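The following report concerns strand pairing and helix packing in the structure shown here.

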Amino acid sequence: MKIHEYQAKDILRKFNVPVPEGRVAFTAAEARKIAEELGGGTVVVKAQIHAGGRGKGGGVKLAKNPQEAEQIASKMIGMKLVTHQTGPEGKIVKRVLVEQGLAIERELYAGIVLDRAKSQLVFMASTEGGVEIEKVAAETPEKILKEWIDPGVGFMPFQARKLAFGLGLAGDQFKNAVQFLTALYHAYVAVDASLAEINPLVVTKDGRVLALDAKINIDDNALFRHKDIVELRDFDEEEPLEVEASKYDLNYIKLDGNVGCMVNGAGLAMATMDLIKLAGGNPANFLDVGGGASAETVENGFKIILSDPNVKAVLINIFGGIVRCDRVATGVVEAARKVSVNVPMIVRLAGTNAEEAAQILKLSGLKFLVANSFQEAAHRVVEALAN
């Protein structure tokens with residue numbers, strides 16, 4: 001689950017991770033009041049959306065006084081902010097973060113993520129702060145420092161010192177950085193984060209080390225332990241179809257293609273999308289209906305898929321293991337009758353009771369295109385798009 005920058009900073013404060021003073025504003029008047037409470041001097045007004053690159057899109061601006069903060073907020077709130085992560089459709093700004101201005105000496109980078117290859121958390125740091133870490137990794141990977149964390153002992157003090165030293169810090173800056181990195185690790189583990197990224201991590205001219213920006217993603221599988229964090233979820237920032245799918249416990253992710261996919265099992269779903277691409281098509285979604293898919297599940301999946309106007313054909317690829325193929329076929333027929341389906345539907349059912357399922361589809365009177373193999377299904381859906 002993604003959260004806003006201001007929410008991430010509220011979490012960091014609880015774990016003594018230094019962040020600039022500031023609060024969120026939902027109106028221009030609130031922005032002015034916060035700027036006044038911060039001393040009436042220079043503040044930063046930052047659009048709050050779930051996307052990076054806000055500064056380049058005009059979503060981060062300096063204000064010299066509260067009046068200017070109000071003017072900037074009035075233009076920013078309600079604007080459509082387009083960044084490289086939002087795509088051309090952009091996102092509507094509904095709130096801004098108003099923060100104190102800082103005298104910045106250096107911009108660094110710090111981040112924690114799970115390294116799945118090593119089954120350990122990896123703490124990364126770089127002197128190249130304020131730019132995309134992916135660009136640094138591609139062009140100058142030697143500038144990314146990494147410390148892998150043994151889950152049995154956690155993030156050790158010597159590792160924090162090693163990273164701080166690698167960033168070229170000394171004296172009070174070094175000590176403050178060690179404290180910052182250690183506190184960030186404790187925050188990451190405590191909230192079951194899947195990502196913590198501080199970019200930029202800044203060193204001020206008076207030696208402080210603070211998170212000028214903060215991005216924290218929470219592991220969805222751990223949300224049952226964090227009811228307070230669940231309340232931070234902003235549905236307006238999420239894909240509407242994905243929100244709708246979550247109501248039915250469907251694992252759905254919207255993509256930019258035109259072939260709707262309904263599959264049971266994440267591995268089979270990934271393989272299905274790969275084959276569609278190899279056949280010359282482009283998946284419109286990832287949809288795993290689960291191993292125990294019922295007629296109701298299939299119907300809800302159909303509704304979600306067909307709600308995407310980009311979908312021009314649907315591929316149903318089900319392997320009958322835990323769930324019988326005839327049960328899935330019955331669900332597909334019932335769903336197709338209830339939901340207005342006006343695009344080609346290619347069905348491939350294999351496994352338990354596959355022959356009975358084929359008969360159900362044949363006798364339904366509906367125009368299903370039945371495929372016998374995985375590869376045939378992918379080719380048939382691409383051919384259907386061309387016709």
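Strands (E, at least two residues) and helices (H or I, at least four residues) are DSSP runs numbered from the N terminus, and two strands count as paired if DSSP finds at least two bridges between them. This is a predicted model, in which local features need pLDDT of at least 70 and side-chain atom pairs count only at pLDDT 80 or more, while totals for chains, interfaces and linings use all residues. Residues are numbered from 1 along each chain as its sequence is written, and side-chain values use heavy atoms, with hydrogens and water left out.

An open sheet is formed by 4 strands in the order E1-E6-E2-E3, with antiparallel pairing. Strand E1 (22–25) and strand E3 (60–63) stand at the edges with a single partner strand each, so one side of each lacks a neighbour in the sheet. From one strand to the next the twist averages 25°, where axes are lines fitted to C-alpha atoms, for helices over the stretch in contact, and angles between N-to-C directions run from 0 to 180 degrees.

Helix H1 (residues 5–14) packs on this sheet and touches E1, E2 and E6, its direction making about 50° with that of E6; contact means heavy atoms within 4.5 Å. Helix H3 (residues 66–76) lies across E2, E3 and E6, and runs at about 160° to E3.

| Strand | Partner strand | Bridges |
|---|---|---|
| E2 (residues 43–47) | E6 (residues 96–100) | 5 bridges |
| E7 (residues 104–115) | E10 (residues 193–204) | 8 bridges |
| E7 | E8 (residues 120–126) | 7 bridges |

Val44 has Glu99 as its bridge partner in E6, Arg106 has Val203 in E10, and Ala110 has Ala125 in E8. The hairpin of E7 and E8 has 4 residues between the strands, and there Ser119 takes a positive phi near 55°.
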